[in-house]
Amino acid sequence: MDSALIPKGVKRAPLWQFILFLGAPGTVALWGVYAMLLCWFKGLNQTNMNDAYGFALWIWADLAVIAVGGGAFFSGLLRYIFGKDVLKSIINYAVLIGFICYSSALLILAIDIGQPLRGWFIFWHANVHSMLTEVAFCLSAYFCVLTIEYIPLILENRQIDKVPFFHKLGHNMHEIMAVFAATGAFLSFFHQGSLGGVAGVLYGRPFGFREGLFIWPWTFFLYTWSAAACGPCFTILVTKITEKVTRKKLVKDDAIEFLAKVSGWMILAYITAKTIDTWYWATVTAPSKGFALMDFYSNNPFYGIWILIVEVVVCGFVPALILITAKGRKNNKALWTAVILAVVGVCLNRWVMVLQVLAVPVLTFENWVMYIPSWQEIATTILPVAYGIILIAVSYRYLPVFPHEAELNPLEPSTAPEPESAAVELPVEPGQGLIPAEA
Amino acid sequence: MKKDKRYGMVIDLDKCTGCGSCMAACMAENNVPFREDESNKLLSITWMRVYKLTNGKPFPETDVCYLPRPCMHCGGQHEGHSPCVSVCPATATDYSLKTGIVSQIYTRCFGCRYCMASCPYHARYFNWWDPVWPDGMEKYLNPKVSPRMRGVVEKCSFCFHRYQLAKEKAYIQGRRELAEDEYQTSCTQACPAGAITFGDLNNHKHSVYKDKKNPNAFRLLERLGTNPKVYYISSRAWVRRAGDNYLRNEAKPAKAVQHG
Amino acid sequence: MFPFSFEWIWDMGHVVFMGGLWYALTIIGLGMTYCIIKAALDTLKGNGDHHH
């Protein structure tokens, strides 16, 4: 029915199956939209935030999706600026994942502010000394860049490409993509860093506060570095999941391996720097304000020292060591483990730097405050995941997201003429006896 | 040229009985909204909040101290770099170099709550709901103070509207300077024990100028570098020590911190 | 954001921050304008090379 829109040389499931597949994320998205409307119309009393937790699940979600969305700018940098052509196989997908992450972050921010209709004040009345201002500007500008990087892919849809203007526009955009990628890397460097600065500059909050270089606390550099390091792991993870779901090999091994290798070394460098930063903070910065390290990790039901060990060792050094060895990268299970751990690690880092910062009592006569999000907060946080699945599914079906898909999955002559009837893309839960993508 | 004003407060904790008059006076003066159920204190807006401190010792050594906490109007390490003012993305909170008062512009605030995350004193509050006044109460609201809408942050302003009124009056009378008693916050006036004194910390004629130099004076969380303008006095060492964080093996502050 | 908004000050912070931002936005804007105008001109010329 929609075969005219499907890229040439690839197989897609029948339309009814595709629509059925969209049912589940669609329902979740509707639930999220309902919660979002509740927040907009009834206000933030729909959340479990309070005056001790002005920042909570949403700000964590923002920081986390932007961190894992860092794969887009870093792959773009490697592909267009450093000319790593091996990434050609995965760059479109990295851009799409980045686009989903950044649009989600902007959406969550729009729900998170108390007066959404005044959101533009952050631009209009900008306080250039605020880390959040820098985040807002660079994030929005970088979202424009991601849109620009995503548009040529849309223009490559079989039908759109037939329009001469669009064909040429897409071609021209490809030609100067390096300029956009460089601008994107510049913007990403600053907004990833500023997000780190958000907690790092809080000199009234000893758990978050860090010294630094000029106006930038060390967390500024750690955040940029960790996003560049762990972002590609998220790109690999989503690619692997997509391959499982579609039961196809979509990206060439050398692209994944190259990205994994770079990521591994980046994580190793990051986690070493993070260790030094933690050491200095625990022995110099915090004690100068009257806090011992264990003050931050005791007398409360949740935040124990385990969280630091999990973040730095289990989700830091372990994935780094797996990914820097050729054996680890080539072993499918080890690769899966490493990318999952790296993604969990960077998300955990964002969690403690938002939530634990606020949980730690600073006044001596106050206590730890714990927080559990309301269902409205959870629904609006899951909303981007559902939206992401839908956008990936639609893009995968109608756009040549994976340039090597046809080459990696040659069509059998008999099925080639009728792509509509070739039912392949059956959405199946992972782990239902599928053929592993690597096999 | 006259020195700029640095309005501040000195609260004598030995005098405070914890009666809460300051809190009530503040709520009435500043049209602070409240709800029917105020049992969750993490959702209550209290520009002035009285904390109860104990020394943690069993009877008969138990000792209690009540500590009223308004906004500290922090100056920061270089004047104006308050924890909250420096982070507000929309310039909705401002540090006045003329008065040293940290203001909040309600119509400018878009409710990101970064300032709340930055404030170690929990002196900033978010309007989770639109204010709803009991029937007829809107007639008793203070016409000099604008009520706040849902979705913005608010906090103690050192009754800035009273400063503006006093300045206007002085201007009409051809004066530039305010006498100490012309500008006083409502909590100061409401305290039956006279525990709160308010005035210009830079003006040697004002009692706060002298009181802040009391050997038993201290400020909350000074080690963070917030440079607050609210001083506390207590003759009890454990209360002074409760004003800041110290490492377990750290010697007690030899003497309450002095400020010039 | 603009020099005519009242909180604007001509200091280092504003010049560096806003300078960087406007620089980035200008590049993005000019880049897209170039692509669109060139695509329009090529289309009008009608040299339809339909391949990548």
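Which residue of chain A forms a salt bridge with B:R248, and how far apart are the closest N and O atoms?

## Salt bridges and polar contacts

The structure is a predicted model. In this model, the partner of B:R248 is A:D295, and their closest N and O atoms are 3.0 Å apart. Between chain B and chain A the count of salt bridges is two. Polar contacts between the two chains number 29 residue pairs, with both residues at pLDDT 80 or more.

Several elements of chain B each supply at least two residues to the side that touches chain A: β2 (49-54), α2 (83-87), α3 (114-118) and β6 (125-126). Sorted by class, that side of chain B has 33 nonpolar, 15 polar and nine charged residues.

## Extent of the interface

In total, 51 residues of chain A are in contact with 57 residues of chain B. The two chains bury about 4400 Å² between them, and carbon and sulfur atoms give 56% of this area. On the chain B side, the residues that lose the most area to chain A are B:F110, B:Y114 and B:W128, which together make up 16% of what that side buries.

## A sheet in chain B

Chain B has an open sheet of four strands, in the order β8-β1-β10-β9, with mixed pairing. The edges are β8 (196-200) and β9 (217-218); each has a single partner strand, so one side of each is left without a neighbour in the sheet.

Strands β1 (residues 7-12) and β10 (residues 230-233) of chain B run parallel and are joined by four bridges. Within this sheet, B:V10 has B:Y231 of β10 as its bridge partner.

Conventions
Residues are numbered from 1 along each chain as its sequence is written. Chains are lettered from A and ligands numbered from 1 in the order in which they are written. This is a predicted model: local features need pLDDT of at least 70, side-chain atom pairs count only at pLDDT 80 or more; totals for chains, interfaces and linings use all residues. Side-chain values use heavy atoms; hydrogens and water are left out. Contact means heavy atoms within 4.5 Å. Buried area is the accessible area (1.4 Å probe) that two parts lose on being put together, summed over both. A salt bridge is a side-chain nitrogen of Lys or Arg within 4 Å of a carboxyl oxygen of Asp or Glu. A polar contact is a pair of N or O atoms within 3.5 Å; within protein, one must be able to donate a hydrogen and the other to accept it, and residues adjacent in sequence count only if both atoms are side-chain atoms. Ala, Val, Leu, Ile, Met, Phe, Trp, Tyr, Cys and Pro count as nonpolar, Asp, Glu, Lys and Arg as charged, and the others, Gly among them, as polar. Two strands pair if DSSP finds at least two bridges between them.
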